[in-house]
Amino acid sequence: MLTEVFSARCEGIDASLVTVEVDVIQGIGVHLVGLADAAVRESLLRIMTSLQSLGYHIPGRKIVINLAPADAPKKGSVYDLPIATGILAASGQVELPLLPEFILMGELGLDGSVRAVPGVLPTVEMAIRSGRRGCIVPAESAREAVELDGIELYGISNINQALDILSGELDCSSLLAGRDCGNVPHKGLPAIDFSEIIGQEGAKRGLEVAAAGGHNVIMIGPPGSGKSSLANALAGILPPMSVQEAIQTSKIYSVAGKTRGEGLIWNRPFRAPHLSASIPAMVGGGTDVLIPGEISLAHNGVLFLDELGEAPKRLVETLRAPLEERQVTISRLRSKVSYPASFMFVAASNPCPCGYYGVGDRCCCTPSRRAGYISKLSGPLMDRIDIQLRLAPVPPSSIAAKGKGESSSAIAERVSAARRIQQERFAGENISTNAQMNNRMVREYCPLDTESAAALTRLVDKLGFSMRAYFRIIKVARTIADLEGRKTIGMEQLMEAASYRFLDREKALEY
């Protein structure tokens with residue numbers, strides 16, 4: 001008897017329907033077709049052993065299993081549960097009248113248990129869009145989708161529970177994933193508070209502007225000047241994500257298998273990969289399954305690279321396209337997938353190999369070594385960094401002073417207020433921050449008066465800024481005006497924004 005069971009496959013952060021067709025006919029053997037990878041093909045032995053351990057028998061006839069659409073690759077262990085359910089229904093061992101109304105996914109253990117799988121959140125979202133009654137998924141994975149409404153979401157721990165649900169004869173409400181077990185929108189305490197960082201008031205101001213507008217930042221200064229501490233404190237002044245941002249970020253972590261059995265992710269991600277990370281680890285990729293890399297895991301959050309001057313130049317240059325396009329496309333011979341990658345890029349670097357250029361006479365580097373060290377920060381990459389901060393060593397007098405600086409919570413209030421202004425401004429656009437504006441939006445939302453436009457043109461011409469830098473100065477100025485509650489951009493905001501491009505002013509980065 002031909003039986004259809006519905007499951008899903010993930011491509012990028014979106015899921016599409018997969019129909020598992022199972023038929024038991026005359027003959028011998030088990031045949032699996034439908035462009036399945038090694039993990040899916042290996043599932044047959046796992047499934048047969050699991051069913052036998054629960055007391056079911058394997059039909060002594062030919063079992064044909066087709067994963068449709070046949071031309072789409074099927075990967076992973078998510079099809080164990082739908083295949084096993086299809087075999088039981090097609091062989092007449094169970095009656096499952098509710099089978100067409102549900103989407104199933106889950107990996108089977110040899111004892112019939114159901115284990116967690118990636119991609120549950122985008123699958124449940126797809127099921128809601130397609131009007132399905134419900135989804136049956138592993139209990140451990142169900143938590144990541146409990147905050148989505150409009151569907152029956154069951155979390156099971158073994159295959160018998162799935163059969164009970166699909167039979168419709170028993171009350172299985174106790175298996176419904178509770179809406180109270182997911183995360184509640186909240187903002188955790190930052191690892192470092194701005195009030196704990198001594199000095200560096202100029203850098204703190206630059207990071208406040210960056211957080212308010214979602215701008216990219218680089219900090220250059222000697223060891224011990226507070227670059228890493230400032231970057232970590234930045235996470236404490238970023239506003240919580242909106243519902244749409246939380247769902248999109250959580251989908252990325254879901255397909256990557258990094259949800260840790262939690263609900264939606266509400267705090268903005270802060271990723272700080274080591275410089276020894278490979279390009280696939282940074283950008284994303286893999287052999288059989290193309291998974292998101294660090295730049296996608298930082299989506300709607302922060303990607304922090306410390307000691308950027310020590311990073312391989314090829315690794316640094318891979319960031320250029322994602323910083324501009326806010327997505328990354330991973331291409332392989334037989335597959336191609338795109339992941340969102342809209343993040344704040346925060347980098348820190350020493351000014352030279354020894355780290356002490358500009359600190360008295362402590363630097364022991366030759367001019368050629370300094371130039372070679374900082375040349376990894378290419379012009380095109382610097383063009384994409386809106387705010388460039390130079391940090392000086394904190395003087396002993398500041399260290400000995402008692403009083404604390406402004407707290408992260410106070411700064412976060414101003415940042416949130418500026419973000420709300422931007423959300424209202426871009427209500428009709430597909431963006432949420434000033435940094436995401438394209439040139440058309442800059443001309444529409446950031447008009448300059450005649451005097452300011454002429455002054456900026458003279459400044460750009462004199463200092464040799466690129467056209468990209470010209471528009472980015474206006475974006476930063478718009479953010480500064482938002483922080484001050486101003487509707488228009490004035491000369492003062494433009495000059496402060498231009499002051500954050502000191503690397504562009506230093507021809508060929510002459511340290």
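## Glu429 and its loop

In this predicted model, Glu429 sits in the loop that links α16 (408–425) to α17 (439–445). Is Glu429 buried or exposed? Its relative accessibility is 19%, and the cut-off for buried is under 20%, so Glu429 counts as buried.

Now look at what surrounds this residue. Leaving aside residues up to four places away in sequence, Glu429 touches Arg440, Met441, Glu444 and Tyr445. With Tyr445 there is also a polar contact: the two side chains meet at 3.0 Å.

Next, find helix α19 (residues 467–483) and helix α20 (residues 491–499). Their axes come within 8 Å and cross at roughly 125°. How are α19 and α20 oriented to each other? An angle over 145 degrees would count as roughly antiparallel, and 65 to 115 as roughly perpendicular; the angle here is roughly 125°, and α19 and α20 are therefore oblique. Their crossing is right-handed.

You can trace the meeting place residue by residue. From α19 come Ile473, Val476, Ala477, Ile480 and Ala481, and they meet Gln493, Leu494, Glu496, Ala497 and Ala498 of α20.

Helix α3 (residues 120–129) contains Ala127. With 0% relative accessibility, Ala127 counts as buried. Not counting residues up to four places away in sequence, Ala127 touches Ile103, Arg132, Cys135 and Ile151. Ala8 is 119 residues away from Ala127 along the chain, yet their C-alpha atoms are separated by 9.1 Å.

Follow Cys135 to reach a pair of strands. Its bridge partner is Leu153 in β9. Strand β8 (residues 134–138) and β9 run parallel and are joined by five bridges.

## A five-stranded sheet

Finally, look for an open sheet of five strands. Its order is β11-β14-β17-β10-β18, and the pairing is parallel. Which strands lie at the edges? They are β11 (270–271) and β18 (387–390), each of which pairs on one side only.

Within this sheet, strand β14 (residues 302–305) pairs with strand β17 (residues 344–349) in the parallel sense, over four bridges. Phe304 stands opposite Val346 of β17. Helix α6 (residues 201–213) packs on the sheet, where it touches β10 (217–220), β17 and β18. The direction of α6 makes about 165° with that of β18.

Conventions: Residues are numbered from 1 along each chain as its sequence is written. This is a predicted model: local features need pLDDT of at least 70, side-chain atom pairs count only at pLDDT 80 or more; totals for chains, interfaces and linings use all residues. Side-chain values use heavy atoms; hydrogens and water are left out. Two strands pair if DSSP finds at least two bridges between them. Helices (H or I, at least four residues) and strands (E, at least two) are DSSP runs, numbered from the N terminus. Buried means under 20% relative accessible area, exposed over 50%, partly exposed in between (1.4 Å probe, protein chains only). A polar contact is a pair of N or O atoms within 3.5 Å; within protein, one must be able to donate a hydrogen and the other to accept it, and residues adjacent in sequence count only if both atoms are side-chain atoms. Contact means heavy atoms within 4.5 Å. Axes are lines fitted to C-alpha atoms, for helices over the stretch in contact, and angles run from 0 to 180 degrees between N-to-C directions. Angles under 35 degrees count as roughly parallel, over 145 as roughly antiparallel, 65 to 115 as roughly perpendicular and the rest as oblique. A crossing is left-handed if the near helix is turned anticlockwise from the far one by less than a right angle, and right-handed if clockwise.
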